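Here are a few notes to read alongside the model. Keep the 3D view open as you go.

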Amino acid sequence: MSKETLQHTMRSKVRVFEDGGIRLLRKGQKGLIHAIFSRFGLVLVLLVLQFGALFSLMRWFSNLLPHYLGGTLLVTAAMMVYLLNQDMNNSVRIPWLVVTALAPVLGVLLFCYTKEDVGHRMLKKRLLELEGQTRGQLAQDKKASTALDADCPGAASLAQYLRGRGGGFPVYENTQVTYFPSGEAKFAALLPQLESATQYIFLEYFIIDEGLMWGRILEILARKAAQGVDVRVMYDGTCEFSTLPRDYPRRLEALGIRCKVFAPVTPFVSTHYNYRDHRKILVVDGRVGFTGGVNLADEYINHIEKYGRWKDAAVMLEGEACAP
């Protein structure tokens with residue numbers, strides 16, 4: 001499908017820019033302003049109402065305030081002694097000391113809940129189940145592991161850890177690696193590889209933001225999906241707070257692109273939100289793959305300057321390491 005045909009068939013869903021990319025959002029449909037007036041804003045309002053209700057209760061029971069202050073002082077002192085005697089890193093200990101001092105009762109409850117790490121344990125259990133299901137599909141070639149051990153014992157030791165406790169990842173041979181010292185270099189090499197896709201394009205990223213970079217990539221993804229290529233996108237749920245609205249997966253689905261959000265943010269309090277999907281992986285047809293530190297946002301290719309000039313690296317793999 002040509003760009004012109006795509007523009008005609010998707011006229012009501014996309015906007016085409018002079019840079020050749022497409023956009024699904026209009027001004028005001030993304031970013032912090034959208035988050036404030038979306039579910040995030042609702043959760044924030046509910047929290048404010050809860051604090052207001054708590055303040056009102058304290059006013060109504062003002063006669064008991066001395067007892068409350070005395071009790072919180074004892075709780076704070078006990079918690080301070082407990083934290084100071086715990087075997088933990090100071091970067092963790094100090095924040096909890098501050099939280100406990102500022103909000104004794106809430107701080108203690110939050111510490112106990114976080115220490116139990118219920119959300120993470122549930123997530124870890126699920127991931128271990130999935131790892132067990134997929135480990136058998138990632139067989140280790142003995143020849144490759146033996147060759148690595150002979151060539152670099154240190155790297156072989158790390159590879160053994162990744163194979164054992166690190167998720168079952170094997171070592172591959174017959175793979176060509178291309179290093180990109182910047183996001184701009186990766187972007188330039190990525191576009192022609194996407195254009196060459198005939199079977200599938202799978203990508204998983206921590207940050208996706210509309211602009212030149214994602215717009216050019218999305219135009220190709222939409223066109224390839226219309227041609228019958230299996231296109232799947234996954235991004236981290238924290239994008240809902242700053243870059244993409246909650247209904248963005250539905251907008252991608254309208255273009256024939258399957259989309260999944262990792263750990264979307266919900267009002268339910270869970271410690272699993274501390275564990276985000278920081279991966280940056282893109283695979284085309286099981287023959288070429290990209291990974292590294294470059295997300296799909298314009299600051300990573302220095303098209304815009306968000307935090308000064310951005311310097312990140314990436315690699316392109318071609319060969320057995322990308323095979324399904």
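Predicted model: local features only at pLDDT ≥ 70, side-chain atom pairs only at ≥ 80, totals over all residues.

1. Residues are numbered from 1 along each chain as its sequence is written, and side-chain values use heavy atoms, leaving out hydrogens and water.

2. The protein chain has 13 helices and nine strands (DSSP runs, H or I of at least four residues for helices, E of at least two for strands, numbered from the N terminus). Of its 324 residues, 36% count as buried (under 20% relative accessible area; exposed is over 50%, partly exposed in between, with a 1.4 Å probe and protein chains only).

3. Now the salt bridges: the structure holds eleven of them (a side-chain nitrogen of Lys or Arg within 4 Å of a carboxyl oxygen of Asp or Glu). One of them joins Arg309 and Glu184, at 3.2 Å from N to O. That pair links distant parts of the chain, 125 residues apart: Arg309 sits in the loop between β8 (288-292) and β9 (314-319), Glu184 in helix α10 (residues 183-195). Arg309 is exposed at 66% relative accessible area, while Glu184 is partly exposed at 24%.

4. Glu240 pairs with Arg246, their closest N and O atoms 3.1 Å apart. Here Glu240 is buried, at 14%, and Arg246 is partly exposed, at 42%.

5. Asp285 and Arg287 also form a salt bridge, with closest N and O atoms 3.9 Å apart. Asp285 counts as buried at 10% relative accessibility; Arg287 is partly exposed at 33%.

6. Finally, look for the network of salt bridges that links Glu195, Glu219 and Arg223.
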